[in-house]
Amino acid sequence: MVTVGVLSLQGGFSEHLSSLRKAADSSAADVHFDFTEVRTPAQLAVCDALVIPGGESTTLSLVAAQSGLIEPLREFVKISRKPTWGTCAGLIFLSEQASATKRGGQELIGGLNVKVHRNHFGRQMESFVTDLDLPFLSQSSSQAAPFPAVFIRAPVVDEMLTDNVKSIGERLEGSIAGSQKPPATAAKVEVLAILPGRHASNRKAAVGDALPVSPGGAGDIVALRQGNVFGTSFHPELTDDTRIHAWWLAQVAAAYR
Amino acid sequence: MTNNDAGSSIAAPAAASSNGTASTSANKDNKTPFTVKAGLAQMLKGGVIMDVTDAAQARIAEDAGACAVMALERVPADIRAEGGVVRMSDPGKIKEIQEAVTIPVMAKARIGHFVECQILEALGVDYIDESEVLTPADDAFHVEKAPFSVPFVCGCRNLPEALRRIAEGAAMIRTKGEAGTGDVVEAVKHMRTVKADIARAKAALQEGGDLAIRALAREFGCDAALLRQTAELGRLPVVNFAAGGVATPADAALMMQLGCDGVFVGSGIFKSGDAAKRAKAIVRATTHFRDAKVLAECSEGLGEAMVGISVNSMKPEQKMAGRGW
């Protein structure tokens, strides 16, 4: 049996639990999954994999700190390297660096060697739904239909970080995942999905950011993986489409086979 | 299954143009899909939304872990004390608060005042609260909310009222409670009434199917399709927060245990002795709402709570919850 936790401090955790259960029910895999809410270090300790949902990333990190979860989460993600998936605020939490954070910064777990830009598209008025091609889904089925991707005050990956990352000029408003433990992993960052440049005109929020990933404005990175850590800017749990949940559960099952 | 798990089956109401599997087409005519409007509320669940009147308070709220702030000129307790016509905030104040924090900023418009809503939309607020705390501008109609791109939250005292607001386009509901009193009794009453109404709708659907739902919808004065959807889900079809009188961590946890998805705190924080400490404690209590040990810890040593007014001692015309229908 594989126990999959959903960090349930704040945000869309019940939607993830529901999508995960639906995906597991319709899966043909021989693995039995158990799904559980995680609010304490003791609840985290029994998990083999974890989803960090969307919500407000500032709230998530403050409540995680109050609940004594920051170091256990870093251990889970970076030392034990258990499969972990973050959506939206969860992606921010799992990044080594974030820009446009709240004054005074905010605590991150890290695990993805990237810098994310919070509220990249702007305020709620700039939130949107768009059909997104997800090439990684087509490995399991012949021709994957586009995915209805819901972006809500969403972050995107702004910058790939290298090992000498800390020497790159840091922004005053930015946050860095503080940890004595190294994020050492041989795994490279894989870009899994790009949002085409339809929102190029909407990039005002990103103007002035150093080293954009795609200077040509080819698009924004909205799904990525590095070893055990998977991140999406958008919210698959807000749709009836469980393909990404099913795909991730298959990755989790493979890790424990 | 916990109370919160019930939230998993939230889908866009039948009255809205799109459902859970939204498509891009709705975006092209510059109409925000309901999934996106209701989705932000879903991301606020399990969180605390705090009333703030300036940038300094907004920063205290953000630092305490608020998942959003409500920008307003005076908190309800002061509105109550000072009286007069209460309107939308000065846009300058709202901008100042938007500059100060990175979390969503909500703002209040008067019931029925669609031009205040247009102004708030132009300011780029993240949510509009069409609120009985301000003086109503129309005694016959609430704002037609569906055509706006910005999402709306509205108060309710019972299920029919909630479904009327959702039919108008509200993407989030809250109890009305009795704002500015620090007395949680009305919020509890409204939440219990919504739950009892939902139980009636469920029973009607099971026993009499569509016919019984239509009869109940006539009695309730609400949309039959939304009533049916509520009966099927066993909960409101959008996120439902507690509001109106929440003043302590225990109040917040009480509302969460009663099945609310999150909590609005108005006067309770900045009318108390140590606002930052109380704000943090209420955030923690809202996450760990079932853990009495944590609740005991975060209830300790918070200093003076807001003095408050017992709702029992109020005359009907002093109550705000009666505004709107």
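Visitor: Where in chain B is B:Ser267 placed?
Guide: In this predicted model, B:Ser267 belongs to helix α11 of chain B, which covers residues 267–270.

Visitor: Is B:Ser267 to be read as buried or exposed?
Guide: The general idea is that a residue is called buried when its relative accessible area is under 20%. B:Ser267 has a relative accessibility of 4% and therefore counts as buried.

Visitor: Which residues is B:Ser267 in contact with, once its neighbours within four places in sequence are left aside?
Guide: B:Ser267 is in contact with B:Asp51, B:Val75, B:Pro76, B:Ala77, B:Gly180 and B:Met306.

Visitor: Which residues does UniProt list for "binding site"?
Guide: The unreviewed UniProt entry lists B:Asp51, B:Gly180, B:Gly245, B:Gly266 and B:Ser267 under that feature. Although these residues span 217 residues in sequence, no two of their C-alpha atoms are more than 12.3 Å apart, so they gather at one spot. From this set, B:Asp51, B:Gly180, B:Gly245, B:Gly266 and B:Ser267 are taken in by the lining of the largest cavity.

Visitor: Where is B:Gly180 found, and what does B:Gly180 touch?
Guide: B:Gly180 is found in the loop of chain B between β6 (172–175) and α8 (185–220), and with a relative accessible area of 10% this residue is buried. Not counting residues up to four places away in sequence, B:Gly180 touches B:Pro76, B:Ala77, B:Arg80, B:Ser267, B:Met306 and B:Ile309.

Visitor: Turning to chain A, at which residues does UniProt place the feature "active site"?
Guide: The unreviewed UniProt entry places that feature at A:Cys88, A:His235 and A:Glu237. They span 150 residues in sequence, yet no two of their C-alpha atoms are more than 11.0 Å apart, so they gather at one spot. Of these residues, A:Cys88 and A:His235 are included in the lining of the second largest cavity.

Visitor: In which loops do A:Cys88 and A:His235 lie?
Guide: A:Cys88 lies between β4 (84–87) and α5 (89–93) of chain A, whereas A:His235 is found in the loop between β13 (229–232) and α6 (243–255) of chain A. A:Cys88 counts as buried at 5% relative accessibility, and A:His235 is buried with a relative accessible area of 1%. Beyond residues up to four places away in sequence, A:His235 touches residues including A:Cys88, A:Gly54 and, from chain B, B:Met43.

Visitor: How is a pair of aromatic rings described?
Guide: Such a pair is described by the distance of the centres and the angle of the planes. A search of the whole structure finds 13 aromatic pairs over all chains. One of the pairs is that of A:Phe136 and A:Phe230, which is edge-to-face, with 6.0 Å centre to centre and 75° between the planes. This pair links distant parts of the chain, 94 residues apart, with A:Phe136 in the loop between β7 (128–132) and β8 (147–151) and A:Phe230 in strand β13 of chain A. A:Phe136 is buried, with a relative accessible area of 5%, and A:Phe230 is buried, with a relative accessible area of 2%. A:Phe136 also forms an edge-to-face pair with A:Trp247, at 4.6 Å centre to centre and 65° between the planes.

Visitor: Which residues do ring pairs link into a cluster?
Guide: The cluster links A:Trp85, A:Phe136, A:Phe230, A:Trp247 and A:Trp248.

Conventions:
Residues are numbered from 1 along each chain as its sequence is written. Chains are lettered from A and ligands numbered from 1 in the order in which they are written. This is a predicted model: local features need pLDDT of at least 70, side-chain atom pairs count only at pLDDT 80 or more; totals for chains, interfaces and linings use all residues. Side-chain values use heavy atoms; hydrogens and water are left out. UniProt positions are given in the numbering used here, feature names are shortened, and annotations may be inferred rather than shown by experiment. On a 1 Å grid over the protein atoms alone, a cavity is a set of points where a 1.4 Å probe fits but cannot get out, and a pocket is an open set with protein on both sides within 12 Å along at least five of seven lines; lining residues have an atom within 4 Å of a point. Helices (H or I, at least four residues) and strands (E, at least two) are DSSP runs, numbered from the N terminus. Buried means under 20% relative accessible area, exposed over 50%, partly exposed in between (1.4 Å probe, protein chains only). Contact means heavy atoms within 4.5 Å. Rings of Phe, Tyr and Trp (its six-membered ring) pair if their centres lie within 6.5 Å; planes under 30 degrees apart count as stacked, over 60 as edge-to-face and the rest as tilted.
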